Amino acid sequence: MRVLHILPSLDQRSGGPLRSVLSLSFLGQSYGLESEVIGVGEFNVQDNPLQKSLIHSCGGGWPRSYSYSPRLRSWLERDVKRFEGVLIHGMWSYPSLAAAQECIRCGVPYACFAHGMLEPWAVSRQGWWKYLKKHVYWHLAEKKVFYNAEAALFATRRERDMAGLVFSIECLSAVLPPFGVDTTKEMLTNAPSDRILKATVDKYILFLGRIHPKKNLTFLFKAWAQAKVQEGWQLVVAGPSEHGYLAELKRLAKLLKIDKDVTFLEFVFGDDKKYLLQNAQWLVLPSKQENFGIVVLEALQCGCPVAISDQVFLADELQDCTVTLKLQMDDWIRFLGDKMGNEAYRFNCIKRGRELLFCDYNIEIVVKLWVSALTSLFRQRRAPLGC
């Protein structure tokens, strides 16, 4: 079976599902699932496993948040009929609308993978202007995209349950984990680049991801300042960021008098990323909303215990394999000031996390689920319901 994945961006610094789509597409080949990927903008993935000939980059992307691209539409008009099914990743952008319209026109079935963009925080809790734009766009365009889809896919059960609180989803819905880890490989420590080696210290906790307001780093900084963390600990913040928000965080760290405790690194990948995870005492993810949290599984694979907010939806699936904290200042102060330095507690978390990976998030299990779900969805074409 041949499947096409549609993404609004091909730059991994933008976050989103790009890396997991590439990995699962590559691994799915062993099970007879042939996948191609198309998106807007230049392709920028440093550790890409998928053959370049199967990745199609379309110019455009203006405005940036909408990813408008006439070249994408032209490519779809010409090529979408080659595929037995299309998986649209993300929402609220031109690629999802163009893909749905071309699939309907050509009678190619498609499914929508919301990736956290269809739940209350994403739609209604980022200011009144974004709230208004999304409600208008839903009724003008996005509703039709979902109405004609074979299914709406979600990364976790909580994401699926919360999606219905915002808009009515009439098509079939299903939960499909978007990521797994290879438990057969030992994650050996590799030599990092000079800038990583110089920037880290013996004892540090790590935030690794896109530096964005929803990741709640201002909350983390305030908790760190109030916890009076023992001397010798560092907070390492690594990831891509828009300059304005990064400058705001640096000002806050100085204001709270923790700037000597905080180290900022740019986007990391490959050996540098592995090194940071393997040598961190903890990974922390205090997000206001996170529909999955791939970095959580990556940390557990590297033997790094994890402390996350209860708004990281993966917490429901991990149960007691991570430290899950409410977004209350006192809870995070207690963790940073007390439990963080408890070695027995830390090693127990590492052990439970590894056990979970072997049982539920082994990459072989996830790939088989991925292949089975897409094959079932697209096995039989149905007549389109109209534009």
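The model is predicted, so local features need pLDDT of at least 70 and side-chain atom pairs count only at pLDDT 80 or more, whereas totals for chains, interfaces and linings use all residues. Residues are numbered from 1 along each chain as its sequence is written, and side-chain values use heavy atoms, with hydrogens and water left out.

Me: Which strand pairs with S8 over six bridges?
Reply: Helices (H or I, at least four residues) and strands (E, at least two) are DSSP runs numbered from the N terminus, and two strands pair if DSSP finds at least two bridges between them. Strand S8 covers residues 203-208, and Ile205 stands opposite Leu235. The parallel partner over six bridges, at residues 233-238, is S9.

Me: Which residue of S11 stands opposite Ile205?
Reply: S8 also runs parallel to strand S11 (residues 282-285), joined by two bridges. In S11, the residue opposite Ile205 is Trp282.

Me: Is S8 largely enclosed or open, and how many of its six residues are buried?
Reply: Buried means under 20% relative accessible area, exposed over 50%, and partly exposed in between, with a 1.4 Å probe and protein chains only. S8 is largely enclosed by the rest of the structure, because the number of its six residues that are buried is five.

Me: Which residue of S2 is the bridge partner of Ile6?
Reply: Strand S1 (residues 2-7) and S2 run parallel, joined by six bridges. S2 spans residues 34-40, and six of its seven residues are buried. The partner of Ile6 in S2 is Ile38.

Me: Why is the pair of Trp138 and Phe146 called tilted?
Reply: Rings of Phe, Tyr and Trp (its six-membered ring) pair if their centres lie within 6.5 Å; planes under 30 degrees apart count as stacked, over 60 as edge-to-face and the rest as tilted. A search of the whole structure finds 16 aromatic pairs. In this pair the centres are 5.8 Å apart, and the pair is tilted because the planes lie at 45°.

Me: Is Trp138 buried or exposed, and what is its relative accessible area?
Reply: Trp138 belongs to one aromatic cluster, whose members include Tyr66 and Phe167. Phe146 is buried at 4%. Trp138 is likewise buried, with a relative accessible area of 3%.

Me: Which ring lies under the charged end of Arg346?
Reply: A charge sits over a ring if NZ of Lys or CZ of Arg is within 6 Å of the ring centre and within 35 degrees of the ring normal. The charged end of Arg346 is 4.9 Å from the centre of the ring of Phe347.
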